[in-house]
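Trainee: I've got a structure open and I'd like to learn how to read its pockets and its core. Can you walk me through them?

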Amino acid sequence: MAIEYREWQEGDDLALLEIWGDPETAQARQFRGALAVSSNRTGGSPWRRCIVAEDVIDGVGIPVAAGVVYEASLHPERLWTYIEVARDHRRSGIAASLLAMLRREAGQAPSGVTRLRAKVEPGTPGAAFAEAVGLSPIQRSRLVVVDPGALKLPVFPVKDYGGRPVSGENAGSEVVMDLATGSVELTDVVGRYYTSIHSWDPPGVLSVGQVQKLFLDELTGAHGAIVLRARPESAFGAGVAPGKKGRIRAFAVSYAAPATPDPSQGGQAVPEAPTDVFIGHEPALDADDAAEAVRDILALIAYQHPVMLELDDSMTALRAAVEPLLESGKARLAGAETLVVAD
């Protein structure tokens, strides 16, 4: 076996797909799209270096592996890297050689950043390789489906501005509200929450526009949001005038359309797929208040319909609500875990 290395060329993706076959992991499915022609940060493209390994047989090179390293504008303190080798060419040093070459290329990154990060699935050859070359886990992420009614509905204070009891449809209306995904108030708390749960890989300063583009724009699929507010007097003091709103304690942004009836089933609704949601809280809340707010809003959105959410180990308030549900069987993992490994 004679292995030669060169830069990525147009058409390599199709040649490698024939050799590799279907992605073995969710990480492979995600990062194969990053394999592309090298870029010098021109025309708005990020800096990228991509190298292909060819097995030369009778003078003809057949692509069998590839690796890429590239800058990330969202989390700029490390470079993303990905390497994939055909099954029948593994354990032959190709991945190690590609990584060494990519590290040399990383030394030329315009940002001056040289530390690397990657995503792997525990128990896979990729995870074993990452450990062997000194990349250590810095975060674990799980996709979790929460079943309908897994949490008991919260009971909110039901008093009006004068302290008089409120019943019926107005109960809790001061604290649970729909909010437009374009809301500046929502954008602010979403951005600060995202930053607070990524101290392990800081995103830098996020502008309002960036937060909108990443989480709340129509192109992300965001189509609705509800917020859980504090009582108005918490922000404005006792005797607050009607119409004032308390501060946001927690939020939930949904990204998937609800299920519709299937005509082939006699008009009956088929079992619906879980709605993808992003749940967070005001970062300034103390741990107990944050855990309560997140649990309450999760109970509300998952009362009648299943929801799917991404659970990172850094999301301590969400973990406090979800992990007991996993233990009791009222929530389940949707696929394998993902580890972010890094220098």
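Trainee: Which helices and strands each supply at least two residues of the lining of the second largest pocket?

Mentor: Ground rules: this is a predicted model, so local features need pLDDT of at least 70 and side-chain atom pairs pLDDT 80 or more, while totals for chains, interfaces and linings use all residues. Residues count from 1 along each chain as its sequence is written, and side-chain values use heavy atoms, leaving out hydrogens and water. A pocket is an open set of points on a 1 Å grid over the protein atoms alone, where a 1.4 Å probe fits, with protein on both sides within 12 Å along at least five of seven lines; lining residues have an atom within 4 Å of a point. Helices (H or I, at least four residues) and strands (E, at least two) are DSSP runs, numbered from the N terminus. Here the elements are α2, β5 (79-85), α3 (94-106), β6 and α4 (125-132).

Trainee: Which residues lie nearest the centre of the largest pocket?

Mentor: Gln-30, Lys-119, Tyr-194, His-198 and Glu-310, out of 45 lining residues. Both α2 (26-31) and β6 (116-120) supply at least two residues of that lining.

Trainee: What about the largest nonpolar core?

Mentor: In soluble globular proteins, nonpolar side chains tend to be buried together. A nonpolar core joins buried (under 20% relative accessible area, 1.4 Å probe, protein chains only) Ala, Val, Leu, Ile, Met, Phe, Trp, Tyr and Cys through side-chain atoms within 4.5 Å. The largest one has 51 residues, and Val-146 and Leu-298 are among those with the most contacts inside it. Helix α8 (residues 287-301) gives the largest share, 7 residues. Apart from it lies another core of 34 residues, including Val-69 and Leu-116.

Terms used:
Buried means under 20% relative accessible area, exposed over 50%, partly exposed in between (1.4 Å probe, protein chains only).
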